[in-house]
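Look at the structure first, then read on.

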Amino acid sequence: MTTRAETTRQAAAGTVLHGAGVGRRAAVGPVVRVQPAPAVPGDAPVVRDGLPVPADDVPDAVTAAFAAVAAGLRDQADRSTGTVAEVLGATAMMADDPALQDQVLARVRGGEPAVAAIDAVVGTFASMFEQAGGYLAERVTDLRSVRDRVVARLAGLPDPGVPELREPSVVVAQDLAPADTAALDLARVLALVTEEGGPTGHTAIIAGQNGIPCVVRVTGAGELEDGVQVAVDAAAGTVTVEPDQALRSALETRAAAELALESDTAPGATADGHRVALLANIGTAEDAERLADAAVEGVGLFRTEVLFLGRQQAPTVDEQATAYARVLRALGPDRKVVVRTLDAGADKPLAFANLTAEENPALGVRGYRLVRSAPALLADQLTALARAGQETGTEPWVMAPMIATPAEGRAFAEAARAAGIRTAGVMVEVPAAALRAGAVLDEVDFVSLGTNDLAQYTMAADRLRGELVDLLDPWQPAVLELVAATARAGAEHGRPVGVCGESASDPLMALVLTGLGVTSLSMSPAALPAVRFALRRHTLEQCHAMADAALGAVDPATGRAAVAALLDAEARATLGV
Ligand code: PEP
Ligand code: MG
C-alpha cells in the first residue's frame, strides 16, 4: 500500500495538479493545510504519546486538553488583529468555560467515554445557545470548534481548523466554510487551493474580493503536505509542486506586467472611447473603505447579506443604516453605489429568514422571494438604505436579487420608491427575466446580470457542484444568448444593463460583454486593471466581432479560442492568452 507521504514524494518536483482557476493571479509559497474536523467515535480511547491513557488519568487528560486548546487559541489571538483576533479570543473563552468542563468531567468520572461526554455536553450547550438566540446563538460555531480541537487532542490527531499562518503561505483545504475564512489571516494568505467548491462559490468570491490567487476543485490537492513549495497559477488553473526556476521567473514576469497595468487609472473605455463603467463588487463597509482612493468608478454590487450571515436575528434598522452609510461615505458623492437587497437562501442560508427546509433550495424561497414569507426583512432594509442616503447625501441605487417576472420587478420598485429610494433595479439571474427583459425594464430603472446564477439556472447545473463546472461556464453560448437579449432590451429602453457576476472579471469575456451591449462591468477590485487594459486595446467594432464569435460558437472552448484569435497582439502577450 502507498502511504500518503510516499504519494506526495511521487507527486513532488514539477508535478502539475489541475483545477478551476479563479482570477488571473499567481503565487509561489509553502503549503499550510486546513485540517478537517476529526471523525472520532464516541468510545475512542484517549491517547497520549500514541499510547492509551489509563482510565484513572482520563479526567486529568481532559482538563489538560481543554487548557491546552484555550492557551493555544489565546496565543494565536494575541498575535492576530481585527476580526481574526476577535474570533480566536471568543473561542478561547469558550474553551476556558468552567461550566462546560465541569459537566464533561462529571460524566467522565461517572464512567462515560471522554469523547462521548464532550459530544453530549457540547450538544446540550449548543441547543441552549441556539434557543437563547442573539449573541449566544452566534457562538455555536465557536463551541463546535472547541469540541473539534479538544477531541482531536484527546485522540492524538492534528489540530483541526484553520492553522495559524506564521509566514505567507498557500492555504490548502478540502473546502472553506464562511467561519473558516473569518479565522484566516488573509494578509498572510498567498493563495488558496481547495479540493472541492466551485469557481462561483464562497471561497472563490472571498479570494477574488481580496485579490488572492485561487484554484478550486484541484484533483490531488489532498496529497499536498505542509511545507511543500507550490506555484499556484489561477489563470492556468494549475498547482505545480516544487516549481523550477523557469516557472518561478515566468510567473514573476507576469506579476510585474499585471502590476504595470495598475498605473492606468482612467475610466473604462474602448480604444475608440466607448464608455463602459468599471465598478467593484463588495461585501462589507471595510471593502468599501479600501476603495476610497482606488481607480474604481463605483460599486456595482454590494452583497448586503454579509451583514446578516451567521446571525440568529436580522440586524436592526439603525445598525443597517450605519453600515450602509459607511459604504456610501467611503465612495463619496460622485461615485455610484448599487446595493443589492438581501439574497438569503440556497448557498447563503440565514437562520431567521429560511425557516423551512427545502428539497431544492436554489429553486425555492431565496432572494427577493423571501418577501412572501418575511416581508419585514425587505421593508426594514429599504428603510435603512433610504435613511443612509439621507444621512450621507448620496443616494444609493438599490436592486433585488432573483427576480423572475415583470410583476416582481414592479412590486420591488414600488416598495423601494415608497421607502424613499429613487433608483430601483433588479438582477437578471433567472432565464425568465432575461427572456422578458423588455417587460422587466418597463418597471425598473436598470438591470444587472448575475451571470453566476444565470449560468446555474440556464444550464440547470447547481453552482455548488464543482464537478459541473463545464456546464456552469459563462462562455456557454446559451448563457450569452440571454445576456445578449437583456442588453438589447436595455438599449431599446435606454436603460443601464450591468454585469456583476464573476464573468465580468475575465478580460476576454469583458470584451464580449461590451460587444453585446453591456454598459457597466462590476468585479473584484483586483481584476479591474486587466479588464481596463483589454478594453483600451480594442474598439467597439472589435468587441462586436468578438461577441459574434462567442455567440456563434458551438461550445465554451471554441468561443473562447475564437475570441482569443481576435485579440490584438500586445493584449495577447500581456494577458498571457
Ligand atoms: C450572480 O449570481 O452572478 C451574482 C452576482 O450574485 P451571487 O454570486 O451573490 O449569487
Ligand atoms: Mg446571484
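A polar contact is a pair of N or O atoms within 3.5 Å; within protein, one must be able to donate a hydrogen and the other to accept it, and residues adjacent in sequence count only if both atoms are side-chain atoms. The model is predicted: local features need pLDDT of at least 70, side-chain atom pairs count only at pLDDT 80 or more, and totals for chains, interfaces and linings use all residues. Residues are numbered from 1 along each chain as written, chains are lettered from A and ligands numbered from 1 in the order written, and side-chain values use heavy atoms, without hydrogens and water.

| Residue | Atom in the residue | Distance to an oxygen atom of ligand 1 |
|---|---|---|
| E429 | polar side-chain atom | 2.9 Å |
| D453 | side-chain N or O | 3.0 Å |
| T451 | backbone N or O | 3.1 Å |

Taken alone, ligand 1 exposes 290 Å², and the protein buries 100% of that (Shrake-Rupley method, 1.4 Å probe).

The shell around ligand 1 holds 14 residues (a heavy atom within 4 Å). Among the closest are R303 and R340. The shell divides into 3 nonpolar, 4 polar and 7 charged residues (Asp, Glu, Lys and Arg count as charged; Gly is among the polar). Helix α18 gives the largest share, 3 residues.

What coordinates the magnesium ion, ligand 2? E429 (OE) and D453 (OD) do, at 2.0 Å (donors are N, O and S atoms within 2.8 Å of the metal, or 3.2 Å for Na, K and Ca). E429 sits in the loop between β15 (423-428) and α16 (431-435), and D453 in helix α18, 24 residues apart (helices are DSSP runs of H or I, at least four residues; strands are runs of E, at least two). D453 is buried, at 2%.

Conventions:
Buried means under 20% relative accessible area, exposed over 50%, partly exposed in between (1.4 Å probe, protein chains only).
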